[in-house]
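Let's take a friendly walk through a model, with the cut-offs spelled out along the way. Have your viewer ready and follow along.

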Amino acid sequence: MVSFRRHCGTDAKAPLTVLVWSHPATEHKTRERRLQAFKVLLVGFPWATLFFPEQDEVKSHLSHNSRVMRKADYLRGKFGQSAFAAVYYAHDISADFIAQSAMQAYPNASRVCFGDALGVVYSNDYFTDQTYPVGAVEAFSRPIQTIRNLLFRIKRTWTLPMRRLRLDAEYAALVLPCDPGGDFLAGKKVQTVDHESLIHVLDCLSRSAERYLIKLKCCGEGEANSSVVMLLGSYSESRLTSEIKECALYVEAARLHILPGSKVILKAHPVSQPEKIELIKQALSAHYDTVVVTNDEIPIETMPSLAKNYKIISFSYSSVSLLYLYGSAVLHAMNDTLINMFFPEETRLWMRESNALYLQQIDIARRLSGKQSEALICQK
């Protein structure tokens, strides 16, 4: 956003409203941790105002079960008819379609996608095809799941405006551009985030996060050269595998890559359930001195005390981001063998394709680490 504003010659510190959507069923304590994390991370940006709607407000007006145009009407009423000159968003594929709702609320605003993570972009069509397949093969091999997928597709279509009325990004402002489906960036104005803007934003986020974590005494424990930080995923929460299988995944990865008796620091995914984290900790504690970073809402990318000084084991995109941002010694543990062992057949294709994407991006990040990135597009 800072880079885009600079590119357009506008004030990089003009007022900004940050809208954070949470599922209405989110537990109160989880919501409060998430709210606190956003407050911490935005300390270095006094021109940003956080709008974190209460769960009752989400349930009544911004629910994933409400149609986009209804949510757009609510946002206009909440903020004003011409409140915003630009809408910035990561993606428009989740069931809530808040990004689409904001674009519909302010159709004359510039529409800027900054991508998931450092710049992964997905079209709604690509995401739907990958996540809810309904082809002949699926219908024959998994008929019940195919019916469910069809129902999810119907709901998504019902939630969105008619196709000809849907709005899309005009600009893509990305750090490491990556378009897996090859159908998002076409026709858009692509701007690669300049290195100066990236470092400025990263420094502001990291200073705020580190001060907070030092205050909580949870920046990491143990000697850096004998400790390993394991970054956990949200595979069971995302219904990609079971909780037991996910736990077994980390135990197997530790067996393969960590010497017995080592200190293992677990950094949980923000949506991970506490019960799952405790299960993983207990399983690993049989062979390792295992501790948990107590604030899982703070992204590892804003924790240089861990990212720069510890050995990192990652299973997803953090392998890319930490290598690119810090030159971290990240071991990307996920591979086809682990996917076949710990994920059911119906999710293996998605996992394999996602992992192949990470591996491609790791190669790009390795070449560009510490330099201003070029406009490289990763396509399958």
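What follows looks at a sheet and then at aromatic contacts.

This is a predicted model, so local features need pLDDT of at least 70 and side-chain atom pairs count only at pLDDT 80 or more, while totals for chains, interfaces and linings use all residues. Residues are numbered from 1 along each chain as its sequence is written, and side-chain values use heavy atoms, with hydrogens and water left out.

Let's start with the sheet. Helices (H or I, at least four residues) and strands (E, at least two) are DSSP runs, numbered from the N terminus. Two strands pair if DSSP finds at least two bridges between them. In general, strands of a sheet pair through backbone hydrogen bonds, either parallel or antiparallel. Here, five strands make an open sheet in the order 9-8-7-10-11, with parallel pairing. Strand 9 (289-292) and strand 11 (330-332) stand at the edges with a single partner strand each, so one side of each has no neighbour in the sheet. From one strand to the next, the twist averages 25°; axes are lines fitted to C-alpha atoms, for helices over the stretch in contact, and angles run from 0 to 180 degrees between N-to-C directions.

Now look at strand 10 and strand 11, which pair in the parallel sense over three bridges. I312 stands opposite V330 in strand 11. Helix 13 packs on this sheet, where it touches strand 7 (227-231), strand 10 and strand 11; contact means heavy atoms within 4.5 Å. The direction of helix 13 makes about 155° with that of strand 11.

On to the aromatic rings. Rings of Phe, Tyr and Trp (its six-membered ring) pair if their centres lie within 6.5 Å; planes under 30 degrees apart count as stacked, over 60 as edge-to-face and the rest as tilted. By this rule there are 13 aromatic pairs. In one of them, Y250 and F315 have ring centres 5.1 Å apart and planes at 75°, so the pair is edge-to-face. Y250 lies in helix 10 (residues 243-257) and F315 in the loop between strand 10 (311-314) and helix 13 (318-326), so the pair ties together parts 65 residues apart in sequence. Y250 is buried, with a relative accessible area of 0%, and F315 is buried at 2%; buried means under 20% relative accessible area, exposed over 50%, partly exposed in between (1.4 Å probe, protein chains only).
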